[in-house]
Amino acid sequence: MSKIIITVVNYFGDEALIAFIEKELLSQQDISLTIAIVDNGSDKNLLQAYSEKYSNIVYLKPEVNLGYLGAAYFAYFNLIEKEKRSFNYFILSNFDLTLPHNHALSQLTERAKVNAFSVFGPQIINLPDKGTSNPMYADRLHISHIKRLLFVNSNHLISLGYQFLHRLKKKQSSASMPTSQACYAIHGSMMCFDAAFFEKGGTLNYPSFLYGEEIFIAEQCLENKISLGFISEVVVEHHEHATTGKWKSRLHMQFLHDSLSWLKNQYFTK
């Protein structure tokens, strides 16, 4: 039976996060599951008391908002590096997801073994658009793509127009269901790592904030010859933008621009 540590990150979504754990995670079978709640922001003080009801739920409260991948690293550091908990798989997941059945996580990890993926995720169906998210990028991005995104996110009006066209394109395209395959990057709404990812030098310690995490993981996999792909047999519904909002604010545009700048300098100018 696989030992799985799954991290869910709260940012003022206490009730929805608890509902996700109750409905989607605690019902999972054929695995040994530890749930780490990283509380990046809360105004209702529900999560710590909730976690104390279960022996397999750990509540972690960082001093500042660590973002998404930063929160995952916080959980990894506390549970695995400090407490030395053993695990087979470490998962980072949104809580605005619906799993297909109560064997979803066991099936996901079993199919990853069959496909020899060390970093992997399910197929993601976005609602309400019904488009698929994986592969996020089939092939490695070209520096021209990074530069275009940097330009777009340097101006708020241009960024809003780009976001509108992107969403319109998704609505007009029908959902496709590509089969399980290796790819450059998988979508961040659920990212799974086996122990080998960390043994080969992979890390979740992202020096930027909120955006570009998928590229950060993808580039590490390329550098360290770690296999990455997605599992089409497990289909998860993503209630898109339920946690972040549909449109990026000026502040989030700046976060994205800063992350893209770091990624470009770190990986795409060598």
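Biologist: Which residues form one aromatic cluster with Tyr 76?

Modeller: Keep in mind that this is a predicted model. The structure holds 17 aromatic pairs. As for the cluster, Tyr 76 sits in it together with Phe 87, Phe 90, Phe 193, Phe 197 and Phe 198.

Biologist: Are the rings of Tyr 76 and Phe 90 stacked or edge-to-face?

Modeller: A pair of aromatic rings is described by the distance of the centres and the angle of the planes. For Tyr 76 and Phe 90 the centres are 5.6 Å apart and the planes stand at 80 degrees. Planes over 60 degrees apart count as edge-to-face, so the Tyr 76 and Phe 90 pair is edge-to-face.

Biologist: Which elements hold Tyr 76 and Phe 90, and how many residues apart are they?

Modeller: Tyr 76 and Phe 90 are both buried. This pair links distant parts of the chain, with Tyr 76 in helix H3 (residues 68–82) and Phe 90 in strand S4 (residues 89–93).

Biologist: What about Tyr 89 and Phe 120: stacked or edge-to-face?

Modeller: The ring centres of Tyr 89 and Phe 120 are 5.8 Å apart, and the planes are at 80 degrees. Tyr 89 in strand S4 and Phe 120 in strand S6 (residues 119–127) are 31 residues apart, so that pair links distant parts of the chain too. Both residues are buried. With planes at 80 degrees, the Tyr 89 and Phe 120 pair is edge-to-face.

Biologist: Which residues touch the most other members of the largest nonpolar core?

Modeller: That core has 47 residues, and H3 gives the largest share of it, 8 residues. A second, separate core has 32 residues, including Ile 31, Phe 117, Ile 124 and Val 234. Back in the largest core, the residues touching the most other members are Phe 90, Val 119, Phe 193, Phe 197, Leu 204 and Ile 217.

Biologist: Leaving aside neighbours within four places in sequence, which residues is Ile 217 in contact with?

Modeller: Ile 217 belongs to the largest nonpolar core. Setting aside neighbours within four places in sequence, its contacts are Leu 69, Val 119, Met 191, Phe 193, Phe 197, Thr 203, Leu 204 and Leu 228.

Biologist: Is H8 roughly parallel or roughly antiparallel to H9?

Modeller: The axes of helix H8 (residues 213–224) and helix H9 (residues 250–267) come within 11 Å and cross at roughly 10 degrees. Angles under 35 degrees count as roughly parallel, so H8 is, relative to H9, roughly parallel.

Biologist: Which residues of H8 and H9 make that contact?

Modeller: On the H8 side you have Ile 215, Phe 216, Glu 219, Gln 220 and Glu 223. From H9 come Trp 262, Leu 263 and Tyr 267.

Biologist: Is Gln 28 buried or exposed?

Modeller: Gln 28 is found in the loop between helix H1 (14–25) and strand S2 (31–39). Beyond four places in sequence, Gln 28 touches Leu 99, His 101, Asn 102, His 103, Ala 104 and Leu 105, and its side chain reaches the backbone oxygen of Glu 24 at 3.2 Å. Its relative accessible area is 9%, and the cut-off is under 20%, so Gln 28 is buried.

Biologist: And Ser 93, buried or exposed?

Modeller: Ser 93 lies in strand S4. Not counting residues up to four places away in sequence, Ser 93 touches residues including Ile 6, Phe 20, Tyr 68 and Met 190. Its relative accessibility is 1%, so Ser 93 counts as buried.

How values were computed. Residues numbered from 1 in each chain as written. Predicted model: local features only at pLDDT ≥ 70, side-chain atom pairs only at ≥ 80, totals over all residues. Heavy atoms only, no water. Helix = DSSP H or I, 4+ residues; strand = E, 2+ residues; numbered from the N terminus. Buried < 20%, exposed > 50% of the residue type's maximum accessible area, 1.4 Å probe, protein only. Contact = heavy atoms within 4.5 Å. Polar contact = N/O pair within 3.5 Å; in protein donor to acceptor, adjacent residues only side chain to side chain. Phe/Tyr/Trp six-rings, centres within 6.5 Å; stacked < 30°, edge-to-face > 60°. Core = buried A, V, L, I, M, F, W, Y, C linked by side-chain atoms within 4.5 Å. Axes fitted to C-alpha atoms, helices over the stretch in contact; angles between N-to-C directions. Parallel < 35°, antiparallel > 145°, perpendicular 65-115°, else oblique.
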